Amino acid sequence: MHELSLCRRVLAMIDDSARDNGFNSVKSVVLSIGSLSCIDPDAFQFGFNALKKNTIASDADLELHTIPAAAHCPLCRRDVAIKSYGESCPDCGNALSNIIAGNEMQLTRLEVQ
Amino acid sequence: MCGSCGCSDMDFTINGDARHLPRNTHTIVLEKNILEDNALFSARNQVRFKNAGVIALNLVSSPGSGKTTLLTRTINDLKTEISASVIEGDQQTQNDARRIRETGAQAVQINTGKGCHLDAQMIDKAADVIDLCNIDLLFIENVGNLVCPAAFDLGEAHKILILSVTEGEDKPLKYPDIFHASDVLILNKIDLLPYVDFNMQQCIEYARKINPSIKVLPLSAKTGEGLTAWYDWLNLSLIKLKSDCLTEESI
């Protein structure tokens, strides 16, 4: 599963930040994950718990914020909340293919000591 | 109230359980894309391919859709007009690269081991051994997987999705991410239509529901039916690339 490779990437980013900012331990890792993204939250939590051992984040809690998906309807000129690909605008029926939110995979912040 | 010590000094919740941070903690705001590395390599690859006058195409599909057969047929049929090289991605073996090399084209095999998709850094490394300035097309045959390759851009000009008619017409609804990310849908193995319950019209409708602008090309890499439209699309893409380069030079 690629959640493991993404966890490794997050832990490497945390190491980089530790070097840049001079902290010794991480208490909280906050991620913002779009609802359409390829990350499964449970799988990511599982991978993080397995890989964080013996790292600077070994005691860190993982906090996953879900970013709701949205698409822009060019006919109605407004943004529409969506749950998946393939939805239509509730007002005009136009296919909502211009996705403007929901694919984010962001390491948002760290709480550190 | 904090779930650990009972105080009311709450900073955040995890799974509904209020927590407060230990004293002497401070916040580092990063707001960094987890796939930033892949995005950087992808952008770099894109520039590199454009500067070399090469169109890179990322072929994605389930295993067994006929990607390699389509590639060998395409390379052989267009041998006198278009020069191509191939980057092959599989978990193990050199089998597909060997098949491509039998056409006379260069093939670089990447074995991902446990990995389920190619990434942009792998392509960057593979491209180092390809003479990009002397080819027109770089085909990248991704690991057979309809899920993960959708999220990992490689620096390609287009994702080409290959679905065979033996796979079921509702695949666009089941795997929307990859259908949304692809510019072209090749419906392969149409010679088998008389023997399978595949509703082509329904499949195309589903695909266009997910991606209204996706171009659909039904064909058979085995019999050759429908290949002309695929070759026309390739030639048009090359003409467009050359025209874009000329426009930039004249500015």
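Contact here means heavy atoms within 4.5 Å. Helices (H or I, at least four residues) and strands (E, at least two) are DSSP runs, numbered from the N terminus. This is a predicted model, in which local features need pLDDT of at least 70, side-chain atom pairs count only at pLDDT 80 or more, and totals for chains, interfaces and linings use all residues. Residues are numbered from 1 along each chain as its sequence is written, chains are lettered from A and ligands numbered from 1 in the order in which they are written, and side-chain values use heavy atoms, with hydrogens and water left out.

**Helix α2 of chain A**

- Helix α2 of chain A spans residues 41–51, and its buried residues are A:Ala43, A:Phe44, A:Gly47 and A:Phe48. Buried means under 20% relative accessible area, exposed over 50%, and partly exposed in between (1.4 Å probe, protein chains only).
- These residues sit on the same side of α2(A) because they cover an arc of only 135° around the axis. The arc is taken from the directions from the helix axis to the C-beta atoms.
- A:Asp42 and A:Phe46 are exposed, on the face of α2(A) turned away from the buried side.
- The packing partners of the buried α2(A) residues are α1 (3–21), β1 (26–34) and β2 (61–67) of chain A.

**Loop residue A:Ser35**

- A:Ser35 belongs to the loop that links β1 and α2 in chain A.
- Its relative accessibility is 39%, so A:Ser35 counts as partly exposed.
- Leaving out residues up to four places away in sequence, A:Ser35 touches A:Thr66, A:Ile67, A:Pro68, A:Ala69 and A:Gly102.
- A:Asn103 is 68 residues from A:Ser35 along the chain, with 6.8 Å between their C-alpha atoms. A:Asn103 is also among the residues nearest the centre of the largest pocket.

**Pockets**

- A pocket is an open set of points on a 1 Å grid over the protein atoms alone, where a 1.4 Å probe fits, with protein on both sides within 12 Å along at least five of seven lines; lining residues have an atom within 4 Å of a point.
- The largest pocket has a volume of about 610 Å³. Its lining has 29 residues, and those nearest its centre are A:Asn103, B:Ala150, B:Ala151, B:Asp153 and B:Ala181.
- Two or more lining residues each come from α1 (36–51), β8 (158–164) and α6 (176–181) of chain B. The largest share, five residues, is that of α6(B).
- The second largest pocket has a volume of about 490 Å³. It is lined by 21 residues, with A:Ser5, A:Leu6, B:His117, B:Asp119 and B:Phe152 nearest its centre.
- Here the elements giving two or more residues are α1 of chain A, plus α1 and α4 (120–127) of chain B. α1(A) gives the most, with five residues.

**Chain B**

- Chain B has eight helices and ten strands.
- Of its 251 residues, 48% count as buried.
- Among chain B contacts with a separation of 6 or more, 69% join residues 24 or more positions apart.
- B:Gly226 is in the loop between β10 (215–218) and α8 (227–250). B:Gly226 is partly exposed, at a relative accessible area of 30%.
- Beyond residues up to four places away in sequence, B:Gly226 touches B:Pro218 and B:Leu219.
- B:Gly226 and B:Asp124 are 102 residues apart along the chain, and their C-alpha atoms are separated by 33 Å.

Conventions. Points joined across faces, edges and corners; volume = space filled by probe spheres on them.
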